[in-house]
Amino acid sequence: MHTRALTLSVLACALALGACKRSEAPAAKPAEPATPAATAPAAPAATPAASAAPGGDDNLNAVLWVQTSAEYRAATETVYRAAADKLDTALKQKNWDALVTDERGNAATGLPPAVVMDVDETVLDNSPYQARLVRDGKEYDDVTWDAWVAEKKAKPLPGVVDFAKAATAKGVTVLYLSNRAEHLQAATLANLRAAGMPVKDDSVFLGLGTFVEGCEQNGSEKNCRRKLAGQKYRVLMQFGDQLGDFVQVVANTPAGRDDLLKQYHDWFGERWWMLPNPTYGSWEPALFNNAWDQPREARRASKREALNVAP
Ligand SMILES: [Mg+2]
């Protein structure tokens with residue numbers, strides 16, 4: 001999804017944020033029966049993954065949770081229903097805006113209202129693609145990802161279509177700010193339409209590579225595109241499954257991410273709405289210093305070290 005002219009540092013970022021891209025696209029995942037004991041009490045439970053065969057995939061539980069649990073469906077519906085309930089308040093308060101100060105270069109008052117939505121794992125559920133990776137013992141790559149996008153078979157997250165329709169009925173434009181690359185725009189918009197989501201016109205897709213005058217996009221960071229959205233709209237709400245969907249993550253470390261969460265704590269559940277995604281995201285590379293170039297087992301070892309183990 002990225003351009004080739006990336007410097008090493010940016011490439012590092014790109015890989016790191018594989019997160020970058022994975023903040024959008026499904027990820028390479030290592031593995032971790034996060035709560036093995038929960039489902040496998042008896043056996044060599046607690047630390048069986050330590051010696052898991054290379055063919056094992058720690059994303060098995062996460063993908064299955066998304067695909068089969070009533071809990072996941074209830075969680076996403078809860079988020080979207082709560083957001084819909086807040087829309088009228090957001091519309092009435094003329095100063096209500098969901099962009100951080102650094103990304104709001106112009107006054108928001110008087111602009112038409114919009115909501116900014118990430119796409120993958122926020123609007124569209126790509127768990128079938130990830131299930132393929134689990135089945136095949138593979139990690140994310142652009143070729144298999146592009147092929148999945150071209151199939152246009154992703155389903156909407158539970159609750160999102162009702163929210164989007166309610167927003168549209170109130171005159172709110174739905175913008176899709178995605179790290180899907182621009183060459184995936186047509187397939188993405190077709191998939192969104194097939195899923196029942198409103199697509200006003202092609203301009204509502206702000207994919208990776210969107211040119212923003214006067215703003216240099218670094219890797220797959222979304223800050224420039226948020227600014228672009230803010231030039232035309234008052235952004236009532238943002239929706240995502242990654243911190244980077246809402247604000248620029250300057251330091252993708254556990255501490256850096258915690259700081260952001262503290263700083264914007266009050267905005268979650270009001271202007272910012274986070275969808276659960278246990279299967280991939282920038283939280284993961286933060287655990288191995290964003291070094292995606294390490295062998296899979298090395299990344300996995302770092303993640304195991306991050307476990308908070310009861311003494
Ligand atoms: Mg996403």
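User: Welcome me to this structure: over how many bridges do strand 1 and strand 6 pair?
Analyst: Happy to! This is a predicted model, where local features need pLDDT of at least 70, side-chain atom pairs count only at pLDDT 80 or more, and totals for chains, interfaces and linings use all residues. Numbering starts from 1 along each chain as its sequence is written. Strand 1 (113–117) and strand 6 (234–240) pair in the parallel sense (two strands pair if DSSP finds at least two bridges between them), and the number of bridges is five.

User: How many helices and strands are there in the chain?
Analyst: Both kinds of element are DSSP runs numbered from the N terminus: helices are H or I of at least four residues, strands are E of at least two. By that count, the chain has 12 helices and seven strands.

User: In what order do the five strands of the open sheet stand?
Analyst: Strand 1 is joined to strand 4 by four bridges, running parallel, and strand 4 (residues 173–181) pairs with strand 5 over three bridges, again parallel. Strand 5 (205–208) and strand 7 (272–274) each have a single partner strand, so they stand at the edges with one side left without a neighbour in the sheet. The order is 5-4-1-6-7.

User: How many of the residues of strand 1 are buried?
Analyst: A residue is buried if 20 or more other C-beta atoms, placed from the backbone, lie within 10 Å of its own, exposed if 12 or fewer, and partly exposed in between. Across the 311 residues of the chain, 43% count as buried, while in strand 1 the count is five of five.

User: Is Asp136 buried or exposed?
Analyst: Asp136 lies in helix 6 (residues 127–136). Asp57, 79 residues away in sequence, is 9.4 Å from Asp136 in space, C-alpha to C-alpha. Because Asp136 has 11 other C-beta atoms within 10 Å, Asp136 is exposed.

User: Are helix 5 and helix 8 roughly parallel or roughly antiparallel to each other?
Analyst: Helix 5 (residues 70–92) and helix 8 (residues 160–169) pack with their axes 9 Å apart and at an angle of about 10°. Axes are lines fitted to C-alpha atoms, for helices over the stretch in contact, and angles run from 0 to 180 degrees between N-to-C directions. Angles under 35 degrees count as roughly parallel, over 145 as roughly antiparallel, 65 to 115 as roughly perpendicular and the rest as oblique. The pair is therefore roughly parallel.

User: Which residues of helix 8 does helix 5 meet?
Analyst: Contact requires C-beta atoms, placed from the backbone, within 7 Å. On the helix 5 side are Tyr80, Ala83, Ala84 and Leu87. Their counterparts in helix 8 are Val160, Asp162, Phe163, Ala166 and Ala167.

User: At roughly what angle do the axes of helix 4 and helix 6 cross?
Analyst: The axes of helix 4 (residues 60–68) and helix 6 come within 10 Å. Leu60, Val63, Val66 and Gln67 of helix 4 make the contact with Ser127, Gln130, Ala131 and Val134 of helix 6. These two helices are therefore roughly antiparallel to each other, and the crossing angle is roughly 150°.
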